[in-house]
Protein chains: 2
Amino acid sequence: MSLLVVGSVALDSVETPFGKADEVLGGSATYFSASASHQSPVQLVGVVGDDYPVDRLETLRERRIDLAGLEKTEGESFRWRGRYRHDLNSAETLETRLGVFSHFRPKLPDQFKSASYVFLANIDPRLQLQVLEQVEKPKFVACDTMNFWIESRRGDLLDLLAKVDLITLNDGEARQLTEKANLVQAARWILARGPKTVLIKKGEHGAFMFTNESIFYAPAYPLEAVFDTTGAGDSFAGGFMGYLARTNDLSEANMRRAVVIGSAMGSFVVEAFSITRLLSVTRDDIDRRVADFHRLVAFDQDMPS
Amino acid sequence: MSLLVVGSVALDSVETPFGKADEVLGGSATYFSASASHQSPVQLVGVVGDDYPVDRLETLRERRIDLAGLEKTEGESFRWRGRYRHDLNSAETLETRLGVFSHFRPKLPDQFKSASYVFLANIDPRLQLQVLEQVEKPKFVACDTMNFWIESRRGDLLDLLAKVDLITLNDGEARQLTEKANLVQAARWILARGPKTVLIKKGEHGAFMFTNESIFYAPAYPLEAVFDTTGAGDSFAGGFMGYLARTNDLSEANMRRAVVIGSAMGSFVVEAFSITRLLSVTRDDIDRRVADFHRLVAFDQDMPS
């Protein structure tokens with residue numbers, strides 16, 4: 001089934017204890033599509049300035065990522081500069097230059113309007129709502145958000161919640177949105193406001209999938225070397241949504257598998273800067289990592305007699 | 001098989017956002033035995049002052065916890081006073097009065113010297129080593145430790161590492177001991193120094209069991225209400241060691257089950273102050289929680305065709 005993502009396409013400059021990258025491909029829509037493309041074709045909607053090295057996006061086009069919705073407009077592209085310290089858990093933002101992204105008004109090409117699976121990456125909830133109005137009859141809509149929108153666009157975000165099937169956010173954002181310190185209570189609060197599923201990401205501590213009926217938990221893969229955690233959340237979402245779009249099966253069992261695919265993609269992307277590892281990883285690598293996840297948590301609950 | 005624990009028996013006074021408890025049963029050996037007693041008889045070695053309300057320990061004796069090694073000596077009992085804030089992840093210690101515990105020289109009653117399973121709770125590594133000298137032929141020895149000993153008794157702790165089968169410590173302590181930020185690297189460092197198994201506890205983020213051959217991960221149970229996290233680590237260890245002592249099976253499959261039993265006990269103890277919940281929980285409750293853990297992480301890795 002067709003999979004649409006709307007989000008940022010940026011140039012990132014990142015420093016970690018292990019190295020430095022300058023003006024590399026970044027942005028939520030970029031990470032999402034590179035990750036999802038292992039599962040499904042992707043339709044991307046975003047905006048870049050006239051300074052963007054669009055030739056570097058060719059590699060995405062070759063991977064069945066349709067860039068017909070990537071608007072190119074006069075001005076500077078979205079740039080983010082950040083630094084990670086020792087623990088790589090949270091980035092320190094050194095500079096954000098929104099550039100043309102600050103005037104982004106997502107406009108779906110006609111051929112994207114029939115998308116079945118829709119991911120509204122982390123942009124202004126008002127824009128997320130405008131995107132939804134352009135999609136004719138989506139089967140499954142998921143959105144991401146962040147602390148900035150929770151604070152400045154709370155009303156719009158609550159309107160959006162009533163219209164999506166799933167929201168993905170990190171634990172700090174879930175607590176901020178719901179004013180509940182306890183994550184189970186936070187998830188219940190969100191579930192009561194629309195989404196049938198809440199995915200709470202905890203970075204190196206894994207991810208929870210909450211529905212009204214059940215809780216599923218997938219750990220983050222215990223890697224011996226983590227290089228750069230930029231884009232891990234969007235890569236997670238890409239693997240998750242890509243798998244759902246490919247299988248077109250919204251059963252709980254399949255959603256659980258989708259979370260594990262997402263976790264696998266999150267565990268790959270952090271092995272290198274930018275989307276490098278997402279491009280080099282193979283279907284075999286992904287299958288092996290999924291099997292590793294299975295072994296990681298497997299136990300036989302029957303006690304010996 | 002016989003299970004021996006050496007550790008503290010204390011009186012705790014705890015404040016949490018949900019209530020207050022004054023001079024309730026506490027200490028690592030107390031939590032450990034109350035938890036382990038659901039699986040196995042326990043032999044306890046510790047010390048209390050002449051002010052200790054020993055009649056309140058009767059309930060332990062009734063649960064097959066042998067208190068023959070609980071020394072009663074002149075002076076004040078070990079008292080700890082702490083406060084938990086909103087998130088319950090870490091206690092702020094308001095007061096520690098070691099009392100008679102500062103002169104503790106563990107002496108095993110003759111009938112304890114043949115113990116097969118031994119847990120050296122968090123005490124001075126020199127004392128942990130002295131206990132080991134008194135045990136004739138243990139089958140499986142595990143130890144706990146803390147930041148204070150890692151800093152002040154590093155040499156003794158490294159000596160101890162060479163003599164135990166397993167060490168359990170939290171993620172911060174593992175990083176402190178090994179000077180590795182990455183937990184996989186930290187575990188490898190410890191494994192190279194003696195223990196065949198390293199259990200790294202991450203509080204609400206679950207626990208890892210590392211061996212040279214594999215990694216197992218068990219999440220903490222996502223509880224809707226956490227009341228008081230004091231003793232969670234020792235209750236985890238009690239469930240783990242109690243299960244091993246009961247089944248006397250050190251296969252990886254059984255050690256994995258033991259970790260889940262430990263996680264279950266850790267998830268119960270935080271539901272009330274002191275050891276209250278450990279005493280009220282039933283075998284059925286434990287079995288149900290183990291099944292809940294199984295459902296929590298279960299996924300079918302076969303993709304739909």
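**Figure 1. The open four-stranded sheet of chain B.** In this predicted model, four strands of chain B form an open sheet in the order β3-β2-β6-β7, with mixed pairing. Look to the edges for β3 (19-26) and β7 (91-97) of chain B, each of which pairs on one side only. From one strand to the next, the twist averages 15 degrees. As a reminder for reading this view, strands of a sheet pair through backbone hydrogen bonds, either parallel or antiparallel.

**Figure 2. Strands β2 and β6 of chain B, side by side.** Here we zoom in on one pair from that sheet: β2 (residues 10-16) and β6 (residues 78-84) of chain B run in the parallel sense and are paired over six bridges.

**Figure 3. The fold of chain A.** Moving over to chain A, you will find eleven helices and 13 strands. The radius of gyration of chain A is 18 Å, close to the 19 Å that the globule rule gives for 305 residues, so chain A is as compact as a globular protein of that length. Along its principal axes, the C-alpha trace of chain A spans about 70 × 40 × 35 Å.

**Figure 4. Burial and contacts in chain A.** Of the 305 residues in chain A, 50% are buried. Among the contacts in chain A with a separation of 6 or more, 67% come from residues 24 or more positions apart.

Definitions and conventions:
Residues are numbered from 1 along each chain as its sequence is written. Chains are lettered from A and ligands numbered from 1 in the order in which they are written. This is a predicted model: local features need pLDDT of at least 70, side-chain atom pairs count only at pLDDT 80 or more; totals for chains, interfaces and linings use all residues. Two strands pair if DSSP finds at least two bridges between them. Helices (H or I, at least four residues) and strands (E, at least two) are DSSP runs, numbered from the N terminus. Axes are lines fitted to C-alpha atoms, for helices over the stretch in contact, and angles run from 0 to 180 degrees between N-to-C directions. The radius of gyration is taken over C-alpha atoms; the globule rule is 2.2 Å times the number of residues to the power 0.38. A residue is buried if 20 or more other C-beta atoms lie within 10 Å of its own, exposed if 12 or fewer, and partly exposed in between; C-beta atoms are placed from the backbone. Two residues are in contact if their C-beta atoms, placed from the backbone, lie within 7 Å.
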